Every structure is written in C-alpha cells, then in structure tokens.
Amino acid sequence: MQIRPFLSLNISLAACLLAPVAGAQTLPKPLPPPKSQDEKMQWFRQAKFGLFIHWGLYCIPAGEWKGKAIPGIGEWIMNRAQIPVGEYEQLAKQFNPVKFNAEAWVQMAQDAGMKYLVITSKHHDGFAMYHSQVSPYNVYDATPFHRDPLKELAAACARHNIRFGVYYSQWQDWHEKNGAGNTWDFGPEDTHDHDQYLRAKAEPQIKELLTGYGPMCLIWFDTPRTMTNEEGLRFIDIVHTLQPATLIDGRLGTKGDYRSMGDNRIPDSVVNEDWEVPATINHTWGFKKDDTDWKSPADITFKLVDIVSKGGNYLLNVGPTSEGIIPQASQDNLRAVGRWLKVNGEAVYGAGPTQFGDELGAPDPRNIDKSGKPVFVQATNWRCTTKPGKLYLTIFKWPGGSMEISKVKGHVKKAYILAGKKSVKIAQTGDTVKLTLPAAAPDPIASVVVLEQ
Ligand code: JFZ
C-alpha cells in the first residue's frame, strides 16, 4: 500500500501502519509548466551526467537460457532466444530482489556525481517494473517481491535532489499480441493491431507514470520503428497535459526535446543542440553474468568530459542483478569518477562546449571507410569546456613542463590548476598561450587548468 498524497487522501491508518517502511513514500508535486523551452531544458544543460538503469526480469537469466549462453545484450534475451510468452512470464515468480535498496542506489548515483536517474519502467519484454493498474504483468502484482521499486526510487531521488525519469518501450512489447516485436508468438507484424496496443497499454501506463511518481524529469521512449507521427503526438499530448516540465528524449519517433545519439556513439565534433549519449558501462544494458568488461574510471571520465566539450550529456547505464545489487565493479568505478568530479566538477556541470575543435582529432585522408569518407582519428590529450570568462582545459595526457594552446580568443588574465587553485604561469603572444606546468600530473586521471579571461 502506497501513500499517494496527490491522488488519494483517504488512506486508512491501518494501511499506513501495515505499509513496509520502504513502501511508505512521500513524493513532491510535479513541477509548474516551464515558461520557455530554455527554461524547460535548464536542468538538463546543467546536469550533464545521469544514471541509466536497465532492470527487469531479464536480470534473472542474465544472458543464459536453458544452459546456453545467448549472445547479445541481456535485456533482449526473450527475443534472441525466442522464448514464448508463457515461459518468459514464469520468471516473474522468481523475481525477489530482497537486497534492493533504493536509498543505496540513489546514494551511489550521488557519489558518482550524477544528477539524474532514468530507470526502465517497462522494457521491450512488456513487464512493468512498477505497480501498474493497467496490466497485472508488473513487479508488484506478479512477483513475490510485492513492492514498487520505482516508487521507492522516486522518493529516494527526491530526498537526494536527483531528478527521476523513466525509460518506457512504447512500441515494442513482446508480451502483448498487438505490441510490436514478438513475431514468434503472435505472427507477422502486419497482423498486430499496434494502435489498439498503444491505446490499451502504452498510453494508460504513461499516464500512470506521470501521475504516481512525483516530478518526472524525462521519459525515455525507444525504438519507434514504424510508429507514425500522429501516434507520437498522442504521447506528447499526454506528457504535456500531465507534466509539462517533463522532457521527451529523441526516440519517440516524433520530435522530442533533445536528440538521443546512437548507443555508445559519441559524435566526433561539437553538436549545437541539446543531446545525450546513452552508454553501457560494459557491453550490455540488462545484467549479464559473463560480461565483466567494465569501463575504467579514467575511460568514463574521459568520455564524460569529451561529451561535455561537444555540448552533450552522458547517460551511463548499470544493470542491477536479480538480488537487487548494482554490480560492485560498476559501483567502484562510478564512485571513482565521482571523487574526480568532487574536485573538478566545475569544468563539467553547466559547462558549454569547446572554443576550439582541433583538439578533438581529425579525419585521416589516408584511411577511407566503406562509405568513402576519411576515418576520424580521435585525439585524447585534452578537452576544453567553457563558462562565461573561463576556459577549462581538462588534460588527460600530462605534457610535463609546458603546453601551448593556440587559437585562443581574447586575452587570458590568469591561469590555475582547479584542484587546489595553484597558479600557473602564462605567456600570451597573439592567440597563442604558453602554460608553464608542474613536471608531474597533479591527478592520475586528469587535471583541469582554468584560463580566466
Ligand atoms: C535500444 C534497446 O533496444 C536496448 O535494449 C536498450 O534499451 C538501448 C538503450 O536502446 O536499442 C537501441 C536503440 C537505438 C539505437 C541503438 C540501440 N541506435 O539508434 O543506435
């Protein structure tokens, strides 16, 4: 039994007393309508770094079905192994992640320096990870767990000042006859009545998510495939009516509030619009027991600063286990990034893209790809992020002694290392600035030199 302050005031005392501690959640009211698109995007432009969470029944098989390893991303196992609905559904009876602790997950996101959290409310497998009234195929009604992890996470996010959002697979739903994607149970796609599916399940579930979980920072729609513009507009209408401040990602099939890049696809150069890269910390979204190839703290830090220097946001994923635990290695690596951000976050949060561009790399004219274009060779020595009057040079390959920056616009008044504010000697001739640096890198991951103008 949940307390929903803005839905029902009529909760009996007995129900309150019976509610498990973790289930008794108070949630803030949704945000007022933004006055402009800039105002709507403001938190997103500030946030830069978010936690993506893929959690669902697929974390139980964790990449293995009937003793066989199933290749590909973990959350696609039902599709990849062509598991019939009736068999896949049985997983719900085993779902009992008793170690799940919303507070601990959100604390980890906070320690990692992440400012928003986006969790799968329903992935392509059709299983709702929240207490839905629309379909009993949900974590509250169909499992022995009998809790609503999204409600608990939304409340923990509110306590920690982390924005809460959900992923929702609005087109593919392998559990439903009229959803898209399941042709092994339900026959060819052209025999599915997709519109019926949208009206009977996807749209009502989006309404539930927008009314029962407090302020929703964004909805992350995905894989629209053949969805029409008109069908997309119906979702936009629901979002605008119920929570006008909620952002819509770039995969609704109809224009959203920002662009979603391909998975793990960081663009080569600055992209001058609002955008985000969804990315894995290993090679899967949903937990797979044999994928332990974790991105290191240095790699994640580079990718984050690289993305910010190109104007985007980094939505980095973890795949919790069927016990409800975020794999320890992902936690450790994310916390190491958070320690770096504690010292150097000024170069990331709210920072704009580079003033330069040449430091990002260049196409190699001797190396032509299949489409006839020269292959872009990324440079990784340093990145530049900006704020009014300030250039942040995040240096990954410490030059030792000195470093020259050319094409600097305007006069540099002073420079210092962000960690400890230790002053750096500068000499500017025209648009070239020479920095005299300590011989050894101050930080083994990356050191930020601030140029003030
Ligand atoms: C989708 C999902 O199918 C997948 O399971 C996961 O949730 C991921 C975040 O999103 O997969 C996609 C969707 C779009 C692209 C790549 C993978 N894309 O545009 O490159």
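Visitor: How far is the sulfur of Cys-217 from the closest cysteine sulfur?

Guide: A disulfide is a pair of cysteine sulfur atoms within 2.5 Å. The closest sulfur to that of Cys-217 is in Cys-157, at 8.3 Å, so the two are too far apart for a bond. This is a predicted model, in which local features need pLDDT of at least 70 and side-chain atom pairs count only at pLDDT 80 or more, while totals for chains, interfaces and linings use all residues. Residues are numbered from 1 along each chain as its sequence is written, and side-chain values use heavy atoms, without hydrogens or water.

Visitor: Is Cys-217 buried or exposed?

Guide: Buried means under 20% relative accessible area, exposed over 50%, partly exposed in between (1.4 Å probe, protein chains only). Cys-217 is buried at 6% relative accessibility, and Cys-384 is buried at 0%.

Visitor: Which residues are closest to the ligand?

Guide: A residue counts as near if one of its heavy atoms lies within 4 Å. Around the ligand there are 13 residues, with His-54, Glu-75, His-124, Asp-222 and Asp-263 the closest.

Visitor: What is the mean pLDDT of the chain?

Guide: pLDDT is the predictor's confidence in each residue, from 0 to 100. The chain mean is 95, and 95% of residues reach 70 or more. Over residues 1–23 the pLDDT is below 50. Where pLDDT is low, the predicted coordinates should not be read in detail.

How values were computed
Contact means heavy atoms within 4.5 Å.
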